[in-house]
Amino acid sequence: MKRFFESSKQALLLTLTMFIICGVIYPFAVTGVAQAFFKYEANGSLLEVDGKVVGSELLGQSFTSPQYFWGRVSAVNYNVYSQEDTMPGENGEIAYGGVSSGTFNYAPSNPELITRIESNIETFLQDNPGVKREQIPADLMTASGSGLDPHISVNAALIQMERIAKASGLSVNEVEAIVKVNTEDRLFGIFGENTVNVLSANIDIYKKMNAQ
């Protein structure tokens, strides 16, 4: 019995010690370091316009207005839902699936994928009359793995300039300058490709339009 109590005491002390280290000291230490040296990143990399938070630099948003850059297709609609999406349809299903991330995960031969891509291509060509089908960058028609990608390729941004300039009242040169300012170099100069942050670029367009 004595050995049992001694073993139980050791187990309890070990549990309490690990709880204090892993559940209190470590989280507070990591949070303290993050707030001291990486405050912007630790707090969500939030972007503001006129003192109001409009989104995160790390999470994409859905843009459909012609005066702004459009991002990639999102399987989760960038977690943007309307009240109607929460209401059951004729078959009893609802569009709202909860806040999540992910992709369609369709095979290239999947009929639904082919139909969706063809529909998106037709819409893009209609809204960008100066663009030919073969000129559309693949990333504008395909979803990212997370469905929350905040970036598009530089070509995907440049190909939208004519539409944006016409709809926003800015010149093509002004829109191109915004693309350059918001272009992020590849990781460590070797991994991936140069990309454009859609939200930050659209914020610059908004500011430019309202400054005129």
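This is a predicted model: local features need pLDDT of at least 70, side-chain atom pairs count only at pLDDT 80 or more; totals for chains, interfaces and linings use all residues.
Student: What makes the group around Phe-69 and Phe-124 a nonpolar core?

Tutor: Good place to start! A nonpolar core is a set of buried residues such as Phe, Ile, Leu and Val, joined through side-chain atoms within 4.5 Å. The largest one here has 30 residues, and those with the most contacts inside it include Phe-69, Phe-124, Ile-136 and Leu-140. Among the elements that each supply at least two residues are β1, α3, α6 and α7. The largest share, six residues, comes from α8.

Student: Which residues does Ile-136 touch, leaving out those up to four places away in sequence?

Tutor: Ile-136 touches Ile-121, Phe-124, Leu-125, Val-131, Met-141 and Ile-159.

Student: What makes five residues of the contact of α6 with α7 nonpolar and two charged?

Tutor: Met-161, Glu-162, Ile-164 and Ala-165 of α6 meet Val-172, Val-175 and Glu-176 of α7. Met, Ile, Ala and Val count as nonpolar, while Glu counts as charged. That gives five nonpolar, no polar and two charged.

Student: Which residues of α6 are buried, and what do they pack against?

Tutor: Buried means under 20% relative accessible area, and in α6 this applies to Met-161, Arg-163, Ile-164, Ala-165 and Ser-168. They pack against α3, α5, α7 and α8.

Conventions
Residues are numbered from 1 along each chain as its sequence is written. Side-chain values use heavy atoms; hydrogens and water are left out. Buried means under 20% relative accessible area, exposed over 50%, partly exposed in between (1.4 Å probe, protein chains only). Helices (H or I, at least four residues) and strands (E, at least two) are DSSP runs, numbered from the N terminus. Contact means heavy atoms within 4.5 Å.
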